[in-house]
Amino acid sequence: MDLSEIWSTVFSFEDYAEILPLVSNSLIAGALLGLVGGMIGIFVMLRDMAFAVHGIAELSFAGAAFALLIGTNVVVGSLVGSVLASLLLGIMGAAAKDRNSIIGVLMPFGLGLGILFLALYQGRSANKFGLLTGQIVAVDTVQLGVLAVCSVIVMVALVAMWRPLTFISVDPAVAAARGIPAARLSVAFMVVLGLAVALSIQVVGALLVLALLITPAAAAIRVTSNPVLTVSLSVAFAMTSVVGGILLALAGSLPISPYVTTISFLIYLVCRLIAWRRDRVRHSEKMAAVAA
Amino acid sequence: MATDTSPAAPAAEPVVSMRNASLRFGDRLLWDGLDLDIAPGEFLAVLGPNGSGKTTMLRTLMGLQELSGGTVKIAGRPATRGSRQVGTIPQQRSFDDNTPLRARDLVALGIDGHKWGIRLKRKAMRRRVDELLELVGATSYAERPVGVLSGGEQQRLRAAQALADDPRLLLCDEPLLSLDLHHQQAISGLIHRQACDHGAAVVFVTHEINPILQYVDRVLYLAGGRFHIGTPGEVMRSEVLSELYGAPIEVFESNGRIVVVGMPETVTHANPQQRAHPLQGA
Ligand SMILES: Nc1ncnc2c1ncn2[C@@H]1O[C@H](COP(=O)(O)OP(=O)(O)OP(=O)(O)O)[C@@H](O)[C@H]1O
Ligand SMILES: [Mg+2]
């Protein structure tokens, strides 16, 4: 394959007009997931839980693979896997240190189980691969329904917990003095996170959830510390990545995840660049002020 | 606003009332047989070496730490966590660099961070936060991210948070740490005003009594599992401190300042495995 062939495989827009209407379900699903990922990502960053997201994703993958093997709904399998994993983490690993070692133990176990189930599975191999690296090409109306319901649950729960969860995340001492039930809130957040992870897996796959749940929020936090703006930007970044990724992947034969992860990575780079330039300007202004 | 302004009015019900309170962790005794009433408007300083139980004492008042024996009551009721009548300035701990909050957002959390949902009355909140920022001299950095603020700037936000709810009881854990002299005076003055204008009882943990000497009504000195309560003049004496520390200590007064000389490096405890408190600032 020479370069131009690769190029036309990666960016192909043949029959675009005909394909577009067929994937409206996928686009809606993508937009919903962008919304969820952008919102929850803020808390994943605040609570320093990137590794937990990764761990939950692998167990969610095991659940999905099992569902595939026994021929039930894959979304449900993945939901069960990740909610179990996040409950376990929420209850056992309250302290960040414990949590990381528990995740380190659980993650390879989950991944191994998932691989076992996939190896036993006799069906189409595209389905297997999709769980790890993403597929959204054909979201049917039933799946869209499940995704939408779960997304709404996640968003409502997040909005309800927003202030106290922010409080216990940034300022645990004062929050405790204020009587906020930190332990219960943390477990509740883990369950919500589990749901969000399971949903994201449907788009970008278990290996790449971080691109949806971390990167957009991390990028937004780079450029602003205004909380409202942070959430808005994070959601905008996540939606751009997913919907943009789906649109770019449409006509080609490649999975959508490389498009999604690349867009979200580029956004992150741009944000870092903006932050770097701003800090440099601030610094030189300070120097000038000192010199004057 | 000010209901009862005369400090330590004899008839007023005490804000804090501890009876025969004791606290131990394993075989490590922090204090025992502590009887303490703090009246509205009273300013109590708590002194003592690292690990003597000052922070733990505040935690019992917040209802976060159970006593091993005895009782503690706040305004006549057993201490419970999350009481709206209690304001706290915690022992210093700095924020993560990348915390996506500005100074004003932190103060706002101190006002309504315990409520469910997202904030709706933004305008009213903004006004209240502006007032509080003004009060602690933080207006100039209201919009800056908390993570990049200096230790003293963060500490002033803590003070604003604690004063936000017009508390009946104000618990301050080394609130002057990393403040420059000017702001030490400003913040301790503010805390004192909460006591004398609003009738709040103040418990003020500190290692350095001089910046607040003019405000202090009584001193609680904790050391080595023992304690002593009294006016500064009664407690800050060579005999009292020598006895508490079990080592010869000299206390001098010069120019209205108290100078303590001969403080031992470590205090002997029931259990020698004393460790630094994990939350303790630099
Ligand atoms: N939950 C706990 N379990 C066991 N020991 C504890 C607990 N909480 C506090 N301690 C111990 O009690 C002692 C008193 O701690 P505390 O934080 O109250 O000290 P402090 O007087 O505030 O000291 P500093 O001046 O360093 O802030 C310490 O030795 C600490 O290790
Ligand atoms: Mg302390």
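These legends describe close-up views of a predicted model. Local features need pLDDT of at least 70, side-chain atom pairs count only at pLDDT 80 or more, and totals for chains, interfaces and linings use all residues. Residues are numbered from 1 along each chain as its sequence is written, chains are lettered from A and ligands numbered from 1 in the order in which they are written, and side-chain values use heavy atoms, with hydrogens and water left out.

**View 1. The largest nonpolar core has 140 residues.** A nonpolar core is a set of buried Ala, Val, Leu, Ile, Met, Phe, Trp, Tyr and Cys residues joined through side-chain atoms within 4.5 Å. Buried means under 20% relative accessible area (1.4 Å probe, protein chains only). A:Leu193 and B:Leu157 have the most contacts inside this core. Helix 10 (residues 182-204) of chain A gives the largest share, 13 residues. Helices (H or I, at least four residues) and strands (E, at least two) are DSSP runs, numbered from the N terminus. Beyond its neighbours within four places in sequence, A:Leu193 is in contact (heavy atoms within 4.5 Å) with A:Ile40, A:Val44, A:Met49, A:Val53 and A:Ile56. Another core, of 30 residues, lies apart; B:Val72, B:Val86, B:Leu171 and B:Val205 are among them.

**View 2. Four strands of chain B form an open sheet with antiparallel pairing.** The strand order is 2-1-4-5. Two strands pair if DSSP finds at least two bridges between them. Strand 2 (28-38) and strand 5 (77-78) of chain B each have a single partner strand, so one side of each is left without a neighbour in the sheet. Seven bridges join strand 1 (residues 16-25) of chain B to strand 2 of chain B. Here B:Leu23 stands opposite B:Trp31.

**View 3. Two residues of chain B coordinate the magnesium ion (ligand 2).** They are B:Thr55 (OG1) and B:Gln91 (OE1), at 1.9 to 2.3 Å. Donors are N, O and S atoms within 2.8 Å of the metal (3.2 Å for Na, K and Ca); water is not among the atoms, so sites may look incomplete. B:Thr55 is in helix 1 of chain B, and B:Gln91 is in the loop between strand 6 (86-89) and helix 2 (103-112) of chain B, 36 residues apart. Both residues are buried.

**View 4. Strand 7 (residues 169-173) of chain B is mostly covered.** Five of its five residues are buried. B:Leu169, B:Leu171 and B:Asp173 point one way, B:Leu170 and B:Cys172 the other. Four bridges join strand 6 of chain B to strand 7 of chain B, in parallel. Strand 7 of chain B also pairs in the parallel sense with strand 8 (residues 201-205) of chain B, over five bridges.

Note on methods. Buried < 20%, exposed > 50% of the residue type's maximum accessible area, 1.4 Å probe, protein only.
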